[in-house]
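Morning, everyone. I'll take you through one model today, interface by interface. Have a look at it first.

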Amino acid sequence: MLEALVNEGIAKVRTYLSKLGVDRPHEFVTRFLDNYFAINPVDIEPTDIIRRMAHIIDTAEHKFKQDVAARLPNMSKHTINNIAVSLSIVSALHTVYKILRHYYLLGRKYENWLLLMQLALVLPQIVKELSPYVKAIDAITKGIPIGDSVGPLVAYKLIGLSKRDEIEEDTVVSEVNIEGRRVFVIKAKGPGATVGKPGRALAKLVERLQCRVDRIITVDAALKLEGEETGEVAEGAGAAIGDPGPEKIEIERVAVRCGAPLDAVIIKMSSEEAIKPLSKKLAEACEKAYQRVLEIIKSRTKPGDTVIVIGVGNSVGVY
Amino acid sequence: MDGASGLYLVLFIVLMVILVIQMVINYITSKKKAQQQEPPVKFITSISCINNDYRIERDYSEGDFVGKIVGSCPRCGSPLVIDKIFSITIQQQRK
Ligand SMILES: [Zn+2]
């Protein structure tokens with residue numbers, strides 16, 4: 001059953017690839033399934049652990065994208081990003097499948113029925129949790145915004161079509177004027193599927209501004225608790241971003257270094273909704289979050305201030 | 001000693017049977033649920049004029065993205081821009 005699910009995912013990416021005119025798509029996908037793991041850095045020696053981690057993530061990402069690009073010459077960067085993200089989803093699915101198979105085979109090998117029993121019991125839940133991932137492939141290959149795109153969508157609402165300046169790889173910044181405040185908005189570069197490097201982009205931008213920043217606002221999707229309402233917008237303090245660490249710490253460091261208050265605006269959704277195509281409810285929540293950000297800018301900063309807004313998330317289908 | 005392990009064996013078997021039954025029930029209901037859930041969805045593209053005086057919604061077509069200019073406004077001639085793309089379930093639309 002799970003195998004069927006994983007295969008469905010693989011098949012989807014394969015048809016997408018063949019639609020794009022890639023020859024031998026099957027071989028292409030299988031090659032990407034097992035390679036490109038990243039090993040966590042040593043964590044009992046915390047000195048520069050973040051830098052090491054960022055380095056490893058970068059290496060893995062670059063290698064991955066380079067290889068995708070090498071196999072697919074004359075493709076736009078957005079398409080390559082879309083392919084890379086769908087491949088990594090399939091590869092995640094494949095990993096789960098492999099782990100489960102591992103335990104299943106172990107259980108059989110040592111005739112450990114307890115292990116098999118546990119597996120049988122959790123399997124339905126796992127299948128349920130994984131099926132949205134397969135759906136997400138659809139959205140991403142088509143270029144439809146997903147739940148996680150709410151951050152970039154709010155950013156888009158702020159900046160409209162104003163000029164995007166690529167400050168970091170896959171990350172853009174735009175400047176707009178909102179009631180006398182200079183507002184810089186950072187988001188991942190769309191409309192391809194990428195989350196960009198918001199932390200490092202912020203660090204660069206702040207350097208350009210010589211630390212003259214009066215407020216930093218992060219906007220992101222956040223996991224709701226079961227029972228909470230989807231699309232609820234909440235406001236708090238801190239960096240709202242769900243990366244493994246490097247980008248988040250960069251935002252926090254910048255905020256501390258420049259003494260800028262760090263606001264977080266979150267839009268709540270389930271992990272399923274975060275990767276499924278954006279629902280109407282969440283599209284409306286974007287509007288609410290946008291109003292909230294405007295409110296923060298108007299009520300907590302003065303005209304003449306400099307504000308940075310970061311729309312964290314995947315910018316699939318969002319310019 | 002033997003009696004105790006015999007008792008455990010019986011208990012164990014009873015437990016197993018209960019678990020298996022539970023599992024089967026779970027399996028069947030979860031399958032049913034999976035069939036009930038996930039109503040078909042459809043993607044809608046919402047387009048508005050940058051001056052906010054005109055707005056239409058249409059079905060999503062491939063290549064659309066938020067921020068794409070798709071023509072000019074019939075009222076004021078300014079660019080028409082896709083401002084939302086979202087999914088709705090088909091039932092929702094019927095009501
Ligand atoms: Zn108009």
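**Where the two chains meet**

Let's start with the pairing. Chain B and chain A bury about 2200 Å² between them, and 70% of that area is on carbon and sulfur atoms. Keep in mind that this is a predicted model.

Now the elements. On the side of chain B that touches chain A, helix 1 (2–36) supplies at least two residues. Strand 4 (79–89) of chain B also supplies at least two. By class, that side of chain B has 15 nonpolar residues, three polar and five charged.

Next, the contact count. On chain B, 23 residues are in contact with chain A. On chain A, 27 residues are in contact with chain B.

**Chain B by itself**

A quick word on the chain B fold. Chain B has two helices and four strands. From the N terminus on, the order is α-β-β-β-β-α. There are 95 residues in chain B, and buried residues make up 25% of them. Take the contacts in chain B with a separation of 6 or more: 46% of them come from residues 24 or more positions apart.

**Inside chain A**

Over to chain A. The domain assignment gives domain 1 (2–142) and domain 2 (147–311). Taken over C-alpha atoms, the centres of these two domains of chain A are 28 Å apart.

Domain 1 of chain A puts 18 residues in contact with domain 2, and domain 2 also puts in 18. Between them the two domains of chain A bury about 1500 Å², with 61% of it on carbon and sulfur atoms. Which residues of domain 1 lose the most area to domain 2 of chain A? Ile50(A), His78(A) and Pro132(A), together 30% of what that side buries.

Here the rule does find salt bridges: three across the interface of domain 1 and domain 2 of chain A. In chain A, Asp58(A) forms a salt bridge with Arg200(A), with the closest N and O atoms 2.8 Å apart. Four residue pairs are in polar contact across the interface of domain 1 and domain 2 of chain A, both residues at pLDDT 80 or more.

Which helices line up on the domain 1 side? Helix 3 (49–71), helix 4 (77–109) and helix 5 (113–142) of chain A each supply at least two residues. Helix 3 of chain A gives the most, with eight residues. By class, that side of domain 1 divides into 10 nonpolar, four polar and four charged residues.

Last stop, Thr171(A). Thr171(A) sits in strand 2 (residues 171–178) of chain A. Buried or exposed, Thr171(A)? Thr171(A) counts as buried because its relative accessible area is 1%, and the cut-off is under 20%.

A polar atom of the Thr171(A) side chain lies 3.0 Å from the backbone oxygen of Glu169(A). Leaving aside neighbours within four places in sequence, Thr171(A) is in contact with a list of residues including Asp165(A), Ile186(A), Lys197(A) and Ala201(A).

That's it from me.

Terms used. Residues are numbered from 1 along each chain as its sequence is written. Chains are lettered from A and ligands numbered from 1 in the order in which they are written. Side-chain values use heavy atoms; hydrogens and water are left out. Contact means heavy atoms within 4.5 Å. Buried area is the accessible area (1.4 Å probe) that two parts lose on being put together, summed over both. Ala, Val, Leu, Ile, Met, Phe, Trp, Tyr, Cys and Pro count as nonpolar, Asp, Glu, Lys and Arg as charged, and the others, Gly among them, as polar. Domain bounds come from an automatic or database domain assignment. A salt bridge is a side-chain nitrogen of Lys or Arg within 4 Å of a carboxyl oxygen of Asp or Glu. A polar contact is a pair of N or O atoms within 3.5 Å; within protein, one must be able to donate a hydrogen and the other to accept it, and residues adjacent in sequence count only if both atoms are side-chain atoms. Buried means under 20% relative accessible area, exposed over 50%, partly exposed in between (1.4 Å probe, protein chains only).
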